[in-house]
Amino acid sequence: MTLVVENISKKIQNKTVLHNVNFELHEGEIAGLVGRNGAGKTTLFSTISGELLADFGRVGLDGLEYHKIPSLHDQLFYINMPENWLSYHSPKKIKAIMKTAYKNFDETWYDLEIKRFGLNNGRQIRNYSKGMRALFMIIVSFASRAQYVFLDEPLDGLDVLIRDQVKQMIVTQVTEHNTTVVIASQNLIELDTLVDRILLLKDQTIDRTFSVEDNKNVKKYQLAFAGDTLPAFLRDSGTIIAQTGHIVTIVFNNFIEDIGSKLAGPDFKFVEELPVGSEDIFRASFAKEAYAWQQELEVEE
């Protein structure tokens, strides 16, 4: 079963939020969705799920129009956080609702997880702590037994111990039920440990799909320059993510031979290549924006 997002476009209050968004999701994969704050991640999830109507485009499920065929709707689960209609019900009431909406709702597993994490079965979700609300949403998402589960910042508000258990829950559900999970998150370090690939939402569309292994042209270095001023080509060619005196940590979006030759030259006291993570690729993808921001700061100074 494949979910296909084709040319999805959406305006909100005459402002384009999404424009010609295209990507596919396959069974049993975990994908991350990243983008700057306000990039449209929540709007994209809401439009795919049908909470919002797309102005243009379609969502296909095995060649069928997902939004036009009600019998397909239990194959996808997404609830907008933090405020949603579930907040005004208890887990006990929500179970009764979900059993009607999702034909494969796993009542037994749902009850076990509610008990395992000590959630109050008779208390309205809005009266839970932020972390417990997030935990409940993850439990009900997987209990739906939908093929496609969309999670918006699912680890936000969870303490370290619960977060580790939830990450294991996500992996277990994907492994045991072949569920497809899409996680929108700002925490790219944690996504590195969970996802198979990452979708980058930039300029109202999916700018690229990547995994760290597929981006060998992105390089990260720590170096110390010898002169009094930072060599100009570093700002022109890369994104500086840290600088203390003459020591610089930099990410190059498109590392070419000429850059390597310059780094090997006399302008540098030492050069060390560092491991590249998803966060580094994200920074490199916004290199132009970062450079413009640096220029603005220099003008202000």
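Ring pairs link Phe45, Tyr78 and Phe150 into a cluster; rings of Phe, Tyr and Trp (its six-membered ring) pair if their centres lie within 6.5 Å, with planes under 30 degrees apart counted as stacked, over 60 as edge-to-face and the rest as tilted. The model is predicted, so that local features need pLDDT of at least 70 and side-chain atom pairs count only at pLDDT 80 or more, while totals for chains, interfaces and linings use all residues. Residues are numbered from 1 along each chain as its sequence is written, and side-chain values use heavy atoms, leaving out hydrogens and water.

| Pair | Centre distance | Plane angle | Geometry |
|---|---|---|---|
| Tyr110 and Phe136 | 6.2 Å | 75 degrees | edge-to-face |
| Phe252 and Phe255 | 5.7 Å | 65 degrees | edge-to-face |

Because Tyr110 lies in helix α3 (residues 107–116) and Phe136 in helix α4 (residues 130–143), their pair ties together parts that are 26 residues apart in sequence. Helices are DSSP runs of H or I with at least four residues, strands runs of E with at least two, numbered from the N terminus. Tyr110 is buried at 0% relative accessibility, as is Phe136 at 0% and Phe252 at 0%; buried means under 20% relative accessible area, exposed over 50% and partly exposed in between (1.4 Å probe, protein chains only).

Arg145 lies over the face of Trp109, 5.1 Å from the ring centre (the criterion being NZ of Lys or CZ of Arg within 6 Å of the ring centre and within 35 degrees of the ring normal).

Lys269, in strand β14 (residues 268–274), is exposed, with a relative accessible area of 63%. Beyond four places in sequence, Lys269 touches Ala224, Phe225 and Ala226 (contact means heavy atoms within 4.5 Å).
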